[in-house]
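Dear colleague,

I am passing on the structure below, and I would be glad if you could look through it alongside the notes that follow.

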Amino acid sequence: MRRLPGASVLLVVLALGGGLLLLMAGLALAGYDAGRTMVALWQGSFGSWYSLTSATLPRAVPLILIGLGFSLAFRGGALNIGAEGQFYAGAIAATAVGGLVGGWPSSLAILAIVMVAAAAGTAWIVVPVWLRVRFGVLEVISTLLLNFVAEFLVSWMVQGPLQERTGIYPQSDPIAAAARLPMLPGTRLHIGILLALVLAGILWFVFARTWWGFRLLAVGTGPRAAEVSGRVDASRMVAVALLWSGAIAGLAGGIEVAGVSYALFQNLSPGYGFTAIAVALLARLHPAGVVATGILFGGLEVGAGAMQREAGVPAVVVYAVEAVVILVVLLADVGARRMGRGRVVPELASERAP
Amino acid sequence: MSEWVVVGGAFGAAAVRVATPLLLAALGETVTERSGVINLGIEGAMLTGALAAAIGSTLGGPWVGVLAGAGAGLVVAAIFAAVAVGAGADQIIAGTAITLGAVGVTGGAYRQFYGPAGPGLSIPTLGAVEIPGLSAIPVLGPALFDHSLLTYAALLAVPIIWWLLFRTRWGLGLRAAGESAEGARVAGVRVSLTRAMATMLGGVLSGLAGASLVLAQVGTFAERMTAGRGFVALAIVVLGRWHPVGVLAAAALFGAATALQYVFQAMGLDLPYQMFLMFPYVLTLLALGGAVGRVRAPAGLGR
Amino acid sequence: MQALRGAGLSVAPGEVHALLGENGAGKTTLMHVAHGLERADAGRVLIGGVPRRLASPRDARRAGVGMVHQHPTSVPALTVAENVALAAGWAVQPTALRGRVRALGERLGLPLDPDTPAERLSIALKQRLEILKALATDARVLLLDEPTSVLAPAEAKELLGMVRRFAKGGGAVVLITHKLAEAFDAADRVTVLRRGVVTYSGSPAEESPKSLAAHMIGADLPDAAPRVSRAPGLVLVHVEALDVPRMERHGTGLRGASLDVREGEIVGIAAVEGNGQQELLRAVAGLVRPLRGVLEVTRPTALIPEDRTTEGLVAALSLTQNVTLGLGRGAPWIRGKGLHRIDWGEAERRTAQLLADFDVQATGPGARAAELSGGNQQKVVIARAMERKPRVVIAENPTRGLDVRAAAFVHERLRRAARAGAGVLFHSTDLDEVLALADRILVMADGRIRAAPAGATRSEVGAMMLGVGQRRGGEPDA
């Protein structure tokens with residue numbers, strides 16, 4: 001990490017504080033015990049070793065992965081709003097393969113699952129990429145539409161080809177033990193977190209230090225100049241970035257099946273694809289920031305689950321807190337630009353100049 | 001033979017029912033995008049409009065619900081406009097945040113108001129209004145002339161929006177703002193104000209879309225019940241080439257593709273039902289490939 | 001930053017008043033205040049002797065003030081009629097509007113087809129549309145901001161003739177220009193602005209071009225370096241019967257073009273916008289693929305693109321990043337075979353050196369391109385181009401929008417490149433620039449190239465730019 005501005009981190013923390021205060025006010029108005037709710041939120045997320053390692057971090061893994069993939073595409077100026085669909089494509093492929101690799105050595109089985117999931121995620125974004133390159137169809141719209149298709153596909157899979165043997169429940173059989181990711185002893189933290197961290201490191205290097213990563217940034221911030229002055233094939237760069245983005249989201253789906261759920265069912269993703277967009281944007285597409293924000297939002301969401309169990313507050317309200325955080329950071333950014341003091345945080349899709 | 005008349009009528013009626021909220025939201029978004037603003041928050045506006053309509057209807061009857069839905073859509077769009085147009089923040093991010101926030105707020109408010117059991121079927125709904133004479137026509141009658149007033153309002157909105165966009169000075173200024181902010185400004189158009197108004201008009205229509213979903217189509221409210229219909233409306237705007245009549249056609253296409261499942265079932269087609277559910281989305285995607293290349297988005301969209 | 005300090009001018013009915021000054025002197029800002037586009041911190045605007053509060057161009061329109069902006073402000077996707085209605089505040093009923101716009105064009109002697117989208121108009125017809133817009137509401141005051149900068153001499157003359165007719169009919173005209181000849185030619189009175197302050201106001205008859213120029217830049221013009229002609233060397237660019245498809249919605253492509261550029265010579269292309277010159281230059285630069293014909297170019301080449309803020313530089317990126325982008329994988333600070341790792345420390349050091357060599361005023365190599373003035377941005381583009389050690393330099397309107405000093409700097413660097421043995425191929429819509437800089441002049445009209453005879457006069461080249469007996473796109477049938 002070259003420099004993630006301190007002001008940016010501070011701002012996110014302040015925004016989060018503001019969002020939580022608003023939530024407390026709303027809860028108090030609605031007649032809940034706001035104090036108790038906050039305690040439950042804290043206990044369920046970061047308040048204990050167990051909740052941190054077994055709830056927050058596992059929840060953060062798909063957010064970090066998808067957030068990294070989104071950042072990759074958005075640095076090139078392309079918006080992959082379809083991570084949810086690519087995640088499901090990866091999960092379906094992982095489940096299918098996970099049932100076939102029972103006799104394999106574990107490392108091979110896991111490798112197979114990971115590769116197949118990434119390939120499925122890539123396949124799921126091929127059509128939107130083609131539509132963009134060939135016809136100029138906005139990828140925002142096309143990737144979005146495929147999310148719905150993926151959800152129906154999962155629904156069919158768990159009631160059709162991949163349904164568990166008894167044919168009663170709408171879910172798949174568990175994947176073979178060999179294909180499951182190893183865990184940190186005594187917790188539910190699987191090695192997917194390592195994969196996420198390694199990927200963040202690789203992307204940091206690619207973004208900050210390589211000609212490819214720099215060309216991608218140039219395409220995202222000034223496509224005409226990149227083409228005319230940099231002789232970059234912008235459309236090709238964007239296509240490749242989108243394909244990688246899909247691969248990473250598919251990978252996240254495979255990791256979720258191999259590390260957490262061990263089976264496919266409907267609503268496997270509680271909206272990871274969308275939360276991860278917020279994660280990436282808040283992190284200003286910076287890989288280290290994505291890791292930090294992913295953990296923060298992961299904690300917020302599992303904490304919200306604890307809040308519902310302990311205090312009866314609907315967990316879904318946590319999305320309002322996330323929205324407040326995003327809007328506050330967005331407005332602070334605009335304010336900084338207006339006042340001409342330079343920016344609190346670097347511009348989107350462009351990093352502070354080296 | 002008569003069986004197919006019934007199926008045809010049911011198919012048409014279902015298509016129109018599905019298309020109504022999409023048409024309302026997409027017409028609103030057409031105005032918004034023509035002014036140069038892309039509002040991903042219409043999903044949130046629609047969801048908030050749906051809950052407000054449910055609560056309004058529970059408290060004061062269906063027409064109060066309709067008003068509440070429109071008002072809620074207006075408020076959500078006004079927040080979006082303040083952030084994205086007033087402050088000039090990134091429209092895609094702001095829209096995502098607004099939708100996320102709407103999911104949270106409606107989820108909380110709904111439990112607060114209806115309790116954990118939900119409203120069930122207790123919400124007063126808008127009845128269908130048969131148009132005398134026309135509704136007796138076979139197939140077409142039940143398909144087109146036996147709907148709630150919101151459907152007729154949505155159809156009426158098509159020529160009204162067209163007139164607004166293409167036959168009024170306000171519409172000319174709005175389109176200029178969407179194509180070239182600088183050109184509009186130099187001609188004396190107050191670009192930000194115009195865009196904010198277009199966004200809020202879009203919000204009202206999205207709110208009405210949510211209301212029609214609750215009061216004329218489903219009859220109840222559930223968490224996240226819009227299920228991405230606002231996003232589908234965005235696709236319909238593109239497919240309809242940013243033109244009210246095109247949007248009507250695109251919404252009808254999507255409605256018909258959705259309603260096809262009834263026909264397929266009547267035909268006894270032995271396919272998983274999920275295939276029918278996927279069909280409209282796949283069709284829309286393919287249609288976009290065929291439709292978009294020849295037409296441009298407003299040049300200033302998103303800037 | 002203050003654009004204007006205590007500046008003012010007055011213009012009487014029947015008068016053409018030239019407002020002179022360098023780029024950045026505040027001419028446009030002053031007229032924007034008079035047109036309600038910008039608000040002055042102090043001072044007032046009087047129209048017909050009455051103080052007016054001009055909060056928007058609509059107020060100016062009501063007060064009888066119309067303006068023609070430096071760059072066409074028509075909305076490209078809207079039709080001629082819609083653009084006029086937008087500017088004039090007319091109702092949008094198509095049939096009535098069409099008739100009204102047609103009648104307006106006929107009355108002013110500036111016919112235009114009401115149903116043509118503005119983006120399909122040639123540059124001269126776009127200018128015509130701007131004037132229609134300005135005069136649609138019977139303006140008594142007409143403000144024109146550099147209206148002739150993109151026109152061929154004959155077109156410019158026609159426009160100035162129209163302006164004088166308007167004044168003769170009792171209208172008042174302010175003509176912004178940085179061309180002295182135009183002021184002497186068309187104006188009854190002259191006001192000169194320098195850095196936001198009026199440095200001269202009076203009749204052009206009392207002044208010489210040299211004294212007016214002194215008012216404009218505060219000192220005598222820097223003398224152009226004497227031209228050192230040398231025997232041209234090897235052929236670096238060889239083009240024969242080349243066809244290139246057109247790049248814009250209007251204009252033409254390149255048709256059967258042939259030319260050579262040799263070592264050490266500067267070849268200038270005189271053409272009105274949209275006559276195939278951009279297609280030619282970009283084909284030579286390797287950015288567009290020709291349809292057919294011979295195209296042989298000695299590498300490396302360097303392109304100085306016309307639009308420095310969107311094509312030359314990425315505004316949001318630093319100067320170091322912009323230099324890196326332009327040098328590409330050949331930059332000395334890009335290392336390694338597969339990964340192409342960038343050493344940003346090295347990049348920053350080398351960029352700082354380059355900025356110093358080219359006298360770029362910036363806070364440092366980390367400054368964003370957007371923070372620089374136009375002149376300094378262009379210096380960065382040129383510095384980067386020269387760092388490629390090009391054998392062929394291709395430049396499009398290399399001094400557009402630059403002040404006299406920055407323009408002189410750009411010319412000097414292009415000459416220096418030629419002296420060092422590069423071939424320079426450039427285009428300018430400003431004929432005077434072509435005459436001043438080029439060793440050899442080619443004229444393009446309607447996608448075809450013709451060589452101007454050695455020693456051709458300004459008006460001869462100007463006539464060639466308009467071609468002979470050609471119809472221009474978008475003009476209605478008479």
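Chain B of this predicted model holds 12 helices and two strands. Read from the N terminus, the order of its elements is α-α-α-α-β-α-β-α-α-α-α-α-α-α, with a helix standing between the two strands. Along the principal axes, the C-alpha atoms of chain B occupy a box of roughly 65 × 45 × 40 Å.

Two further values describe how chain B is packed. Buried residues make up 57% of the 303 in the chain, where buried means that 20 or more other C-beta atoms lie within 10 Å of the residue's own. If one takes the contacts in chain B between residues at least 6 apart in sequence, 77% of them join residues that are at least 24 apart.

The other finding concerns chains A and C, whose contact draws on 19 residues from chain A and 28 residues from chain C. On the side of chain A that touches chain C, the elements giving two or more residues are α8 (211–221) and α9 (223–228) of chain A, and the largest share, five residues, is that of α8(A). Sorted by class, this side of chain A consists of nine nonpolar, six polar and four charged residues.

With best regards

Note on methods: Residues numbered from 1 in each chain as written. Chains lettered and ligands numbered in written order. Predicted model: local features only at pLDDT ≥ 70, side-chain atom pairs only at ≥ 80, totals over all residues. Helix = DSSP H or I, 4+ residues; strand = E, 2+ residues; numbered from the N terminus. Buried ≥ 20, exposed ≤ 12 C-beta atoms within 10 Å, placed from the backbone. Contact = placed C-beta atoms within 7 Å. Nonpolar A, V, L, I, M, F, W, Y, C, P; charged D, E, K, R; others polar.
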